[in-house]
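The structure comes first, and my entries follow.

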Amino acid sequence: KGAFLLCKTSNPGSNDLLALKLQNETLFEKIAKLTDEWSQKAAAESADSDSTDSIPRLGLVVGATDPHALSLARQSAGKSAWILAPGVGAQGGDLDAACRAGLDEDGSGLLIPVSRGVSRASDPAAEAKTLKEGINAAREAVLESKRTASSSSAAAEDSSSMAPYQKEFLEFSLKEGVLKFGSFVLKSGRTSPYFFNAGLFSSGSALFKLGKSYAAAIMASELVEKDGKVKFDVVFGPAYKGISLGALVTAALYSDFGVDAGFAYNRKEAKDHGEGGILVGASMAKKRVLIVDDVITAGTAIRESHTMLKGIDAVPVGVAIALDRAEKRSLEDPKSAVQAVARDLDIPVVSIVALPQLQEYLRSSPDYDEDVLKLVTEYRFKYGV
């Protein structure tokens, strides 16, 4: 026997009561924790507890219209609790976001009831089939995301995964105004709760720290052999932003780690006098080349650089960027621009920080309230990979 306990309903008015703050948690989080405690107590007291102690006696009802609350309820109730999540369909809940927030680590533990969306459809059977396929696709996307996250240090979730250089990078990015929180409409049309503009690294001290951050991220990545030797010979900065970034990174690699790599960059237009051509700096023919840029939005610039380098018989071996937004290119495409570049070009992409580190920083920082964290978390649930 078992029961589902009302935890956080799907209607907006539920925040008036269920989202009330107690001490260090909301009322609905407290309910979720009690559900876990009561389930364990019931199992321990059961006459056949030896065979049922891993089976939860209580589940939760948490609306799918609030992915942030759904995620917090999952964390509070533990991985073994089943969650009934109404709200997908007529109430406008996002199926993919609900799955990301509510599924356990095995891609299970979540029940998604849809009534009006099926019963009022012109073809209920077809609609039910579409929903079933959507749920299975969302489950697979979540499992794939978890597999990717577990194998990538950039996507690590807990605070212990944040290296000192990552925390320092976020702190001085915020101080310089490079990283801001608010409401920003991106080129994609999405409204993002944060914005990153590397062009605002515009002082000597900021550029010095930026180069050191890149170098630290590179040396902590798979671009370094077990014996400490780097897997690249030349750092390449694509025009325009990449030129200064490449120079900073090359200098920081030498000053901080004794890595004396070559440096090269390209011009947008070929020079018809002097040395001529579009490439400047170290020769890259038959050399292993690391490409450095600020971010990867669509990946177009990186792909063009890759094609150009292959055309001069260079060997692109990786890409280093400052921030990985770690978000899907579209709701129909579960891969991010960074993941797509790594997959299509078959080279690793290293970032100083990614969206998970930003989220973790907000959790631990006393300088930002819960509203900022909530907005970033909800954005990640909706668009994150």
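Before reading any value I noted that a residue counts as buried when its relative accessible area is under 20%, as exposed when it is over 50%, and as partly exposed in between. I also noted that this is a predicted model.

Entry on the cores. I looked up the largest nonpolar core and found that it has 52 residues, with Phe169, Phe196, Phe201, Tyr214, Phe232, Leu253 and Ile352 having the most contacts inside it. Its largest share, eight residues, comes from helix 8, which spans residues 204-219. Apart from this core lies another, of 26 residues, and I wrote down Ala32, Ile83, Ala98 and Ala101 as being among them.

Entry on ring pairs. I found nine aromatic pairs in the structure, and I looked at two of them. Phe181 and Tyr368 are edge-to-face, with 5.2 Å from centre to centre and 70° between the planes. Phe181 lies in strand 5 and Tyr368 in the loop between helix 12 and helix 13, so this pair ties together parts that are 187 residues apart in sequence. Phe181 is partly exposed at 22%, and Tyr368 is partly exposed at 25%.

Tyr194 and Tyr379 also form an edge-to-face pair, with 6.4 Å between the centres and 85° between the planes. This pair links strand 6, which holds Tyr194, to helix 13, which holds Tyr379, across 185 residues. Is Tyr379 buried or exposed? Its relative accessible area is 4%, so I recorded Tyr379 as buried, and Tyr194 is buried at 0%.

Last entry. I saw that the charged end of Arg325 sits over the ring of Tyr194, 4.3 Å from its centre.

Conventions:
Residues numbered from 1 in each chain as written. Predicted model: local features only at pLDDT ≥ 70, side-chain atom pairs only at ≥ 80, totals over all residues. Heavy atoms only, no water. Core = buried A, V, L, I, M, F, W, Y, C linked by side-chain atoms within 4.5 Å. Buried < 20%, exposed > 50% of the residue type's maximum accessible area, 1.4 Å probe, protein only. Helix = DSSP H or I, 4+ residues; strand = E, 2+ residues; numbered from the N terminus. Phe/Tyr/Trp six-rings, centres within 6.5 Å; stacked < 30°, edge-to-face > 60°. Lys NZ or Arg CZ within 6 Å of the ring centre and 35° of its normal.
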